[in-house]
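Here's a quick briefing to read alongside the model. Have the sequence and the 3D view open as you go.

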Amino acid sequence: MYPVDLKHYASHTILATVVGLTAQSAFAQQSNTDEASAPALEEVVVMGRYQKSLQSALEQKRDSASLIEAISAEDIGQLPDVSITESLARLPGLAQDRDRGNGSQISIRGMGGQLGLTTLNGREVATVEEDRNIRYDQFPAELINAAQVYKTPQAKLAEGGVSGTINLETVAPLDYDDRVVALGVRGSVYELGSAIDDAANSGVGTRYSASYIDQFADETLGVAIGIAGQDQPIATQRAELWNYGDTWHNTQWNEAEGQSYNAPWGGSALVRGGEDSRIGGMAVIQWQPSDNVELAYDFFYSRLEIDEEQRGFDFNIDPAYERQWQVLDSVPTRYTNDDAGPQDLIAGRVGLSSLRNLNEHFSQTDELISNGLKLDWHLERWDLAADISYSETNRDREWHSVRTSNTSSDIFATFSDDGDGRLVFGLDSGVSLTDLSQNQIDNITVQPRATGNDSIGAIMLEARRELDAGIFNGVSFGVRYSDREKSQDAQIWDQFVTANSSGIDPSLVIDANADDYWSDLPEYLTLDRDAVINQYFGGLANPTPGDNNDLLAGWNVTEEITAAFVQLDIATSVAGLPLTGNIGVRAVSTDNSSSGYQLLNASTWVEQPPGSGNWVEVPPTASPVTVDNSYDDVLPSLNLALDLTNDTIVRFAAAKTIARAPLDFLSPAVDLSQDQYAPNPGESGSGNPELEPFRATQVDLSYEWYFAEGDSVAATVYYKHMDSYIARQAGAKTIVVDGSEYSLSLPVNGSGGYIRGYELMYQQAFDFLPGILGGLGVYANYAYTESNIKQGTPLYAEPFGLTGLSEHVGTATLWHYHKGFESRLSYNYRSEFQRDVNRVQGEEGVNAAEGYLDLSLSYEVNDNIKVLLQVQNLTDEPYKVYGLESNNPDHYNKYEEFGQRYVVGINWKL
């Protein structure tokens, strides 16, 4: 038997194939007399598609000019996981954030989406979110061929990520030798879907994809076309307690206990059901008429629609002294504006000031178009490139809630938690949410009905010349200009019953419940929402369009960026060891213009008619405002890679980086009265158009050992000094209006602080093991991150840390391949992290630690057909948030279940 040299065999033609790694694995042998005259046959290890994708990604990492992580498709239209976020989240230092149980956003090195940048085929893309964050569920995994995560920048790469830059890639058809036709069909079952009446298709979903790649005109013209679609059910159920109030507490003096108590303002429970539909497409035309010229056009389209019903109830806790609370459990408060010794009530029997059934509807349509044209021209010692691109997104969304009120007198209820952070709530005997005689239709709240638009046009010119200048073998330089405009128009209103208010029409009650709804919560009333709106409100219409609420919710931001760079490529040796890398500088100028409305006046009182003695309050009127701002940055960068041996690389990188402010934070909106009543991060809607970006000075050091083909161990340490950052601060600014001082709560720039950590990665195929065990392999990584930055400052609670930062993030995947059967068990973990704080309706809460276990099984029937089974969230882990504005882990807040999800499918390739 010949020894297996994986590095050696990969460079030779495959001469033999071994199907299955058993004790009787076949390989070619020659006699001793033959060996002298005939070439030896190498042992060829048959790998599964997952292992091949890991090996391909590892090759990208090894060959990169900077510190990167990568993922690669197992085959055309087949990333290793169900979604792009799940594939990215398995990389070292990356973690995903979920929405409705689906991965939607990615954080890099414990830093939230605010500090990262995402590009598509190297170009910045417009976003549907109000900030700059990408929703990765807009990118069907079937249309993405590869992705790279740049953890250290290069001068030639677009700036905008302090944590890193994620680049998603579609296919290049001339990279393929032959025509490829690929089809995929999948069916899914959502565990909770069959039990939630509003869930589409009783919890059954479908997913499909088709791709076509071909070459024409003597392989000088390549074409790729792909389409991917899905119709998936929405099925979750959640319960939550609201906040305790930082500025204004829900406080009662308790006679029995002889001290005051703070209680939550209330709580709710909701079951969500509906449908999540998406259609996506991509097209690439690549023309290479000669070895020196290439012209490529790529187009990407995605449309995501959410249509969702939410049903349940909510309640408000009454602090009136005469309705004494019965204390069942409490903890010491952490608020600093309380009298000495108060307690926060976390379980008790309390009086209610309101008790309502909720029948709500949420709809959202997100559309993305991105396209670009790139020309590459290769001369003898010059490479020239020009790129022009345009990206646009549009979002339409509406949320409205039809609410009943309970007419019972002196309502009391008991609340607590189930020991796992979920609300338990029981009404006193005789009080009912479903008894029509106790409930009546009350009002509708719409918050918001909104449209949002974002567009980016960009042009880039770049040149590279080969050099023979000492340690430098090339110089690149170029310019980029982009013009962006992002806006939002919104309406917010309440409607009250205009007719038929005597009671609830029994014919409007429908059966739309959830069989798995928690038994320790009261039953709620489910109504024909559209019929109620028509019968009791005369339709859904804004009674005061264009009022202050609408004006303050709208904004427009334009952003022009001009950048120029020069980069020298390094190829030399140190003490006989190869040293490669690059050094460069990128100069960037950013010009913003922000438009919106401000409400800086107090109400006035006017005598109407004059002399009547009848004084009427006249509310203030919002005034339009436009604010311009500009800033410049010079961003040097250095990347070095020293090959200690053929198998080991040490990398060092240093750079200055920026991440621009979330675009909605640049809104000039200010609501003076709101900031006095609810000034805390996530409550205040005020923006700051004069914000400067996050700025960091960073260093990275890594060690990579490629001890076999496709096998590696890597370790990285990094440190980022934050020269500036963006935080939300209550009472950040004092202004004088009509001789009186008022505090404003704004996003502001802070300076100083650090983000630091380390990452470990281990990847190995155990093909040296005998027999069937030789198909085993492991991919695992762990990352630790810490920071002393405080990104949110409430008035009377402890400041909270960097949003999105999990100290501990880890992934472990065990895979096995044998004779076409491939299995993979993966576990993803991230420790608790501070949720992003948006400009409006943000969450200051802490996302509890979470870990998800997924299983993937597949079988290759032949070279063309593969069948698969995948199970997500095997252990049925919930999503939990605690603390809200206090960050107190004893303040349990949101608990949401989305259950297990099963996927079966078939892929066919010609």
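This is a predicted model: local features need pLDDT of at least 70, side-chain atom pairs count only at pLDDT 80 or more; totals for chains, interfaces and linings use all residues.

Residues are numbered from 1 along each chain as its sequence is written, and side-chain values use heavy atoms, with hydrogens and water left out. Helices (H or I, at least four residues) and strands (E, at least two) are DSSP runs, numbered from the N terminus.

**Nonpolar patch**

- Ile285, Trp287, Leu295, Tyr297, Leu373, Leu375, Ile388, Ile459 and Tyr481 make up a nonpolar surface patch of about 750 Å².
- Patch members have over 30% relative accessible area and no salt bridge; nonpolar side chains (Val, Leu, Ile, Met, Phe, Trp, Tyr) are joined within 5 Å, and like charges within 9 Å.
- Areas come from the Shrake-Rupley method with a 1.4 Å probe, and for residues only the protein chains shown count as cover.
- Strand 13 (266-290), strand 14 (293-317) and strand 16 (343-378) are the elements that give two or more residues to this patch.
- Leucine 295 sits in strand 14, and its relative accessible area of 31% makes it partly exposed.

- Five strands line up as 1-6-7-4-5 in an open sheet with mixed pairing; two strands pair if DSSP finds at least two bridges between them.
- Why do strand 1 and strand 5 each have one side left without a neighbour? Strand 1 (68-72) and strand 5 (123-124) are at the edges, so each has a single partner strand.
- Strand 1 runs antiparallel to strand 6 (residues 146-150), with 5 bridges joining them, and alanine 70 stands opposite glutamine 148 of strand 6.
- Helix 3 (residues 49-63) packs on the sheet and touches strand 1 and strand 6; contact means heavy atoms within 4.5 Å.
- The direction of helix 3 makes about 150 degrees with that of strand 1. Axes are lines fitted to C-alpha atoms, for helices over the stretch in contact, and angles run from 0 to 180 degrees between N-to-C directions.

**Salt bridges**

- The structure has 48 of them, counted when a side-chain nitrogen of Lys or Arg is within 4 Å of a carboxyl oxygen of Asp or Glu.
- Aspartate 454 and lysine 486 form one (3.3 Å, N to O). Aspartate 454 belongs to strand 20 (residues 439-469) and lysine 486 to strand 21 (residues 472-496), so the pair ties together parts 32 residues apart in sequence.
- Aspartate 454 is buried at 1% relative accessibility, and lysine 486 is buried at 3%.
- Arginine 695 pairs with aspartate 633, with the closest N and O atoms 2.4 Å apart. That links strand 29 (residues 694-708) to strand 26 (residues 623-643), the two residues being 62 apart.
- Arginine 695 also bridges to glutamate 692, at 2.9 Å between the closest N and O atoms. Arginine 695 is buried at 18%, whereas glutamate 692 is partly exposed at 26%.
- Glu129, Glu130, Arg135, Asp137, Asp366, Arg395 and Arg397 are linked in a salt-bridge network.

**Serine 408**

- Serine 408 is in the loop between strand 17 (382-406) and strand 18 (412-417), and is partly exposed at 22% relative accessibility.
- Setting aside neighbours within four places in sequence, serine 408 contacts Val431 and Gln438.

How values were computed:
Buried means under 20% relative accessible area, exposed over 50%, partly exposed in between (1.4 Å probe, protein chains only).
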